[in-house]
Amino acid sequence: MKTKVQVKTKLVTREGYNQLKAEHDELWFKKRPEVTKIVSWAASLGDRSENADYTFNKRLLRQIDSRIRYLRKRLEDLQIVDYSPQQAGKVFFGAWVEVEDEDGNSLKFRIVGPDEIYGRTDYISIDAPMARALLKKQVDDSAVVTTPAGSKEWWITEIYYPQQS
């Protein structure tokens, strides 16, 4: 029996792509050469089994290489989505959206690709139930968001797109 594999959306904002590319370049051109030097130096000291510098940095080098492989493959697959004037007034990829529920609770977030949400509390993935429910809606429209905790209705109070440079 095959299990269904969740495929991440391959969309990314230009800012998100640039950040992933910068992470790749930092790891490849700066961090990896530094750690490689330490591993070479520690290996030259002899018995590697009891050499903490060697063991730690060798593990760190494997983690760096793994992340570099992931970033290279992901950067090739990603499709950059830039703002288009036709998007104005409606919720699409890259939009900042403010929503409010019937209790007056409000949320403000940007809809971005799944690779961009880490370390950000104000970004949500285009794959999230909230983002899917809001797509193509406009200010004052309501959206019912279905989650494992149940359904909840939200009203869109503001939509805007970052200025493009």
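## Contacts and overall shape

A contact here means heavy atoms within 4.5 Å. Among contacts in the protein chain with a separation of 6 or more, 57% are between residues 24 or more positions apart. This is a predicted model, in which local features need pLDDT of at least 70 and side-chain atom pairs count only at pLDDT 80 or more, while totals for chains, interfaces and linings use all residues. Residues are numbered from 1 along each chain as its sequence is written, and side-chain values use heavy atoms, with hydrogens and water left out.

The protein chain has three helices and seven strands; these are DSSP runs numbered from the N terminus, with helices being H or I of at least four residues and strands being E of at least two. Going along the sequence, the pattern reads β-α-α-β-β-β-β-α-β-β. The radius of gyration (taken over C-alpha atoms) is 22 Å, well over the 15 Å that the globule rule gives for 165 residues, so the protein chain is more spread out than a compact globule. That rule is 2.2 Å times the number of residues to the power 0.38. Along its principal axes, the C-alpha trace spans about 70 × 40 × 35 Å.

## Surface and burial

How much of the protein chain counts as buried? The figure is 33% of the 165 residues, where buried means under 20% relative accessible area, exposed over 50%, and partly exposed in between (1.4 Å probe, protein chains only). The accessible surface comes to about 10900 Å², with 51% of it belonging to carbon and sulfur atoms. Those areas come from the Shrake-Rupley method with a 1.4 Å probe, and for residues only the protein chains shown count as cover.

There's a nonpolar patch on the surface too, formed by I38, W41 and L45, with about 300 Å² of accessible area together. Patches are made of residues with over 30% relative accessible area and no salt bridge; like charges are joined within 9 Å, and nonpolar side chains (Val, Leu, Ile, Met, Phe, Trp, Tyr) within 5 Å. I38 sits in helix α1 and is partly exposed at 34% relative accessible area. Helix α1 also holds K21, which counts as partly exposed at 34% relative accessibility. K21 and R72 are 51 residues apart in sequence, with their C-alpha atoms 8.6 Å apart in space.

## Salt bridges

Side chains of opposite charge can pair when their charged atoms come close. The structure holds 10 salt bridges, each being a side-chain nitrogen of Lys or Arg within 4 Å of a carboxyl oxygen of Asp or Glu. One of them joins R110 to E15, with the closest N and O atoms 3.6 Å apart. This pair links distant parts of the chain, with R110 in strand β4 (residues 106-112) and E15 in helix α1 (residues 14-43), 95 residues apart. R110 is buried at 5% relative accessibility, whereas E15 is partly exposed at 32%.

K152 and D101 make another salt bridge, their closest N and O atoms being 2.8 Å apart. Since K152 lies in strand β7 (residues 150-160) and D101 in strand β3 (residues 96-101), the pair ties together parts that are 51 residues apart in sequence. D101 is buried at 3% relative accessibility, while K152 is partly exposed at 36%. R120 and D122 also meet in a salt bridge (2.9 Å, N to O). Here R120 is partly exposed at 33%, and D122 is partly exposed at 22%.

## Aromatic pairs

The whole structure has three aromatic pairs. Rings of Phe, Tyr and Trp (its six-membered ring) pair if their centres lie within 6.5 Å; planes under 30 degrees apart count as stacked, over 60 as edge-to-face and the rest as tilted. Y83 and Y161 form a tilted pair, 4.8 Å centre to centre with 40° between the planes. Y83 is in the loop between β2 (79-81) and β3, and Y161 is in the segment after β7, 78 residues apart. Y161 is buried at 11% relative accessible area, whereas Y83 is partly exposed at 30%.

The rings of W96 and Y160 have centres 6.3 Å apart and planes at 15°, so this pair is stacked. W96 is in strand β3 and Y160 in strand β7, so the pair ties together parts 64 residues apart in sequence. W96, Y123 and Y160 form one aromatic cluster.

## Positive phi in a loop

K136 lies in the loop between α3 (129-134) and β6 (142-147), and D140 is placed in the loop between α3 and β6 as well. Phi of K136 is near 70°, a positive value in a residue other than glycine; phi of D140, also a residue other than glycine, is positive too, near 80°. K136 is exposed at 59% relative accessible area, and D140 is exposed at 64%.
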